Amino acid sequence: MKTIAQLSPRSYGFLVFYATCSTALLGLATSLATYVHQDAWVVPIVGSLFGAGVVFLYTMIARWYPFETIYEINEQLFGKTIGIVLSLLFLSLPVFHFPAITSYSVTFIQNYTLPTTPFIVITAIGIGLVAFGIFSGIEPIARTAELCFVFFIVPLLFLVFTTAPLIDFGFVQPYFTFSWFNMSEAFSIFLGNVVSNVVIQLTVFPKYLAKKKAGERALWTGYSLGCLILTIITFLSIAVLSPEVVSIDHYPAFTLAQEINAAGFLQRVEATITVIWFICIYFNLTLYFHCIVIGMKHFFKLKSAQVLIPVIALLLVYLADYYFNNIAEERSFYQYVSVPHSIFVGTMLPITIIIVGIIKRKKQQKPLYPPYPDEATVYKLQHTPDSHSSEKI
Amino acid sequence: MIMKWLSSTLLVMISLLLLSGCWDRWELNELSIITGMAIDKSDDHYELTMQSINPAEIASQEIGNGYAQAFNTTEVAPTIHESLRKHVNKSPRRAFISHLQVLVISEEVAREGITSILDFFYRDHEVRSDFFVLIAKDDQRAKEILSIVTPLENVPSQNIFDSLQYGARSYGGTRIVTLDDLYQDATAPGIEPALMGVQVIGNLKEGQERSNAERNEPATTLLIQELAMFRDNYLVGWLSQDQSKGLNYITGDIRDSVGSFNCPNNSDEEFALESFKEKTDYDVRIVNNKPIIDLTFNISSHISEVNCSTLDLSKEENFYLVEKESEEQFLTILQDTVQEAKAHQSDVLGFGQMIHRKHPKIWEELKSNWNEEFPNVEVTYDVNIKITDTGNIINSFTEDD
């Protein structure tokens, strides 16, 4: 009997945690410090509180349609035509960002460890791994996320605790001297690069979770832990490296790792610390890939999208290789394309769904914040042979 | 069956591709580890001197051939990176600079500005930002600094590195400035970098001989003292040894130090204080729209040497007398430091930064012509030296009572 993939809430929480950190864990401090200098650490705090509101919208959508992914929700809510348009809009987020993030992380690897290795080789190996993950299914990915926790949290805590004694509070002074224009600029970067990316969770949650209620809690935990880590790393970068250094550094968190010096003998370990960025970026890319694959599956009404995986992977390798001609182009992509696009898809689209949904549900006199169906109902619904959501991805 | 065969062949081929090692392989025996670099002016280009170590001669387990422990090469090219790669023209190995320890810049170059030469060091991926930057004082060529065979540590770059590092922990006359610090000081508003000076003492020719390290009293040594002051990242002047200490006290970058002071009753005799706890606080007051900087120094110390014939340390009031005396004399050092910095219009003390941090609005008005405003800033000092101990004995044994 075919059953739907089931993630345990805990492993799903880790998946959200990594995906929230993503590339922001490596470079967020730079983009924030260019605008608000020493006040950059304020942005993740305010941003994640605001972002909590956005995540609340996602959970509301999930409560309305606990058995569907965002593509199916669009179609059910807006009808066939508008639904497909909105779904395509949603699909553009991973399609635009997957090559960008790949390119960013491969540049990082090239810069620090493998300067003359051809870009496409690193990309192909990386995307090969991502495709292999998707090939195994979303459930093994989530389990891997849970297992990777040790390799993630130990280096991360090591990074935080060894650099914390180097904090110089002078670097974060004077407090709150930003202009509102620059602040909104930095705030939109956080909203675009971090908060709005959580929207891709709507392709996993709530459909692939058996325990919907616990899954929602996992989403919240993962999101808040991710934001907490981002705040800590941004603050550390500013207070240890100084805002001037951070605002010119492409990879401030890596430079922070270079500062590690435990008692004079444990130093130069930044190459080991890089594992945390690999883990984060891997799971973020995997989620994007998953998003693309199930999008394809939905549009072409396929029973299984397994065959598409190698093809999409090849196309993405090609795309990643040709995406940016140079680093300046990449920067302007993030500034002028990525941020507005992410905000549009990650915040505006859910708001539209919510508004239309509220009107509809008011008419049908359904509750606006319904509880999730309990586990037994979920099981029964997913194991009836004619259920439309019983196909495995 | 064919499927199984096919997949295992594929697996072998993929493994072959992935496990065969990386493109960027440079084995240790292919690299020459650069520990010191010197930058001089030559006609219109920079002249880069690289000091690589000879591992076979340095390793303690190996018996070397008795050859030199370091190998210096000098290259001239329009850019630093090109000079660095040209290193291989003279050396059998590729230059590798992740383990760079000191960068010596000649005074001549520093007077023309340091920003242009530092760009490479921030940009290159191989460079780590934890090496020290120094200035070769008094028109000494920077390459000469690295050419001396120094005793104890035969490689001059290692010698300079250790000297600076341990000096900052025990005497306080040296100031550790790594590349990161330098960048911060050079670009942050209201502070200018101050870099350690280094020079060759004695006969240069003799110092370059191996025999220099074979004598108990070497003919030539390196002297690391005095701080170079910058204005808008151009070298403008030097702080003396005492003023360097004063600067370190003002910026709070001091750990354990020793200072000599004149005796309370007799200014021909001296006593020494060893400080072990130093704390500097600053505050900025705005009076009549002008900033006044209040510096507070809390120093705990003990008397480590007494040459005063009439001082009786067994009496409590004499402790206060000594404290008062040392506070006054310490104050003159601080005033001297500030005076010198003001005379060169070089805000190495970071007064501008203090104003920026405490009163960002006032700083907005001042920052456009800070170099002119800086000498007008008023400074008040509050020095509290607390003497807790007199070492193993109370009174000096010259006392005959």
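The model is predicted. Chain A has 393 residues, and chain B has 401 residues. The secondary structure of chain A comes to 17 helices and two strands, whereas chain B contains 14 helices and 13 strands.

**Chain A as a whole**

- Taken along the principal axes, the C-alpha atoms of chain A fill a box of roughly 65 × 45 × 40 Å.
- A compact globule of 393 residues would have a radius of gyration near 21 Å, and the value for chain A is 21 Å, which agrees with that expectation.
- Of the residues of chain A, 47% count as buried.
- Among the contacts in chain A with a separation of 6 or more, 84% are between residues 24 or more positions apart.

**Helix α10 of chain A and what follows it**

- Helix α10 of chain A covers residues 212-241, which makes 30 residues.
- An α-helix has 3.6 residues a turn, so residues three or four places apart point the same way.
- Ser242(A) follows α10(A), and the phi angle of Ser242(A) is positive, near 80°.

**Cis peptide bonds in chain A**

- The peptide bond that joins Gln173(A) and Pro174(A) is cis, with omega about -10°.
- Pro174(A) is located in the loop between α8 (149-163) and α9 (180-195) of chain A.
- Another cis peptide bond runs from Phe205(A) to Pro206(A), and its omega is near 5°.
- Pro206(A) belongs to the loop that lies between α9 and α10 of chain A.

**Contacts between chain A and chain B**

- In the interface between the chains, 16 residues of chain A are in contact with 15 residues of chain B.
- On the side of chain A that touches chain B, the elements giving two or more residues are α5 (80-112) and α11 (243-248) of chain A.
- By class, this side of chain A consists of seven nonpolar, eight polar and one charged residues.

**Chain B as a whole**

- The C-alpha trace of chain B spans about 100 × 60 × 60 Å along its principal axes.
- In chain B, 39% of the residues count as buried.
- Of the contacts in chain B between residues at least 6 apart in sequence, 71% join residues at least 24 apart.

**The two domains of chain B**

- The domain assignment divides chain B into domain 1 (25-239) and domain 2 (241-401).
- The C-alpha centres of these two domains of chain B lie 32 Å apart.
- Between the domains, 22 residues of domain 1 of chain B are in contact with 30 residues of domain 2 of chain B.
- On the side of domain 1 of chain B that touches domain 2, at least two residues each come from α7 (156-170), β8 (220-231) and β9 (234-239) of chain B.
- The largest share of this side of domain 1, six residues, is supplied by β8(B).
- The residues on this side of domain 1 of chain B divide into 11 nonpolar, six polar and five charged.

**Individual residues in chain B**

- Glu226(B) is not a glycine, yet it has a positive phi of about 70°.
- Glu226(B) is part of strand β8 of chain B.
- Because 21 other C-beta atoms lie within 10 Å, Glu226(B) is buried; the cut-off for a buried residue is 20 or more.
- Gln345(B) is likewise not a glycine and has a positive phi of about 50°.
- The position of Gln345(B) is in the loop between α11 (316-343) and α12 (351-358) of chain B.
- Gln345(B) is partly exposed because it has 18 other C-beta atoms within 10 Å.
- Leu321(B) lies in helix α11 of chain B.
- With 16 C-beta neighbours inside 10 Å, Leu321(B) therefore counts as partly exposed.
- Leu321(B) and Pro264(B) are 57 residues apart along the chain, while their C-alpha atoms are separated by 6.8 Å.

Technical notes:
Residues are numbered from 1 along each chain as its sequence is written. Chains are lettered from A and ligands numbered from 1 in the order in which they are written. This is a predicted model: local features need pLDDT of at least 70, side-chain atom pairs count only at pLDDT 80 or more; totals for chains, interfaces and linings use all residues. Two residues are in contact if their C-beta atoms, placed from the backbone, lie within 7 Å. Helices (H or I, at least four residues) and strands (E, at least two) are DSSP runs, numbered from the N terminus. Ala, Val, Leu, Ile, Met, Phe, Trp, Tyr, Cys and Pro count as nonpolar, Asp, Glu, Lys and Arg as charged, and the others, Gly among them, as polar. The expected span of a helix is 1.5 Å times one less than its number of residues. A residue is buried if 20 or more other C-beta atoms lie within 10 Å of its own, exposed if 12 or fewer, and partly exposed in between; C-beta atoms are placed from the backbone. The radius of gyration is taken over C-alpha atoms; the globule rule is 2.2 Å times the number of residues to the power 0.38. Domain bounds come from an automatic or database domain assignment.
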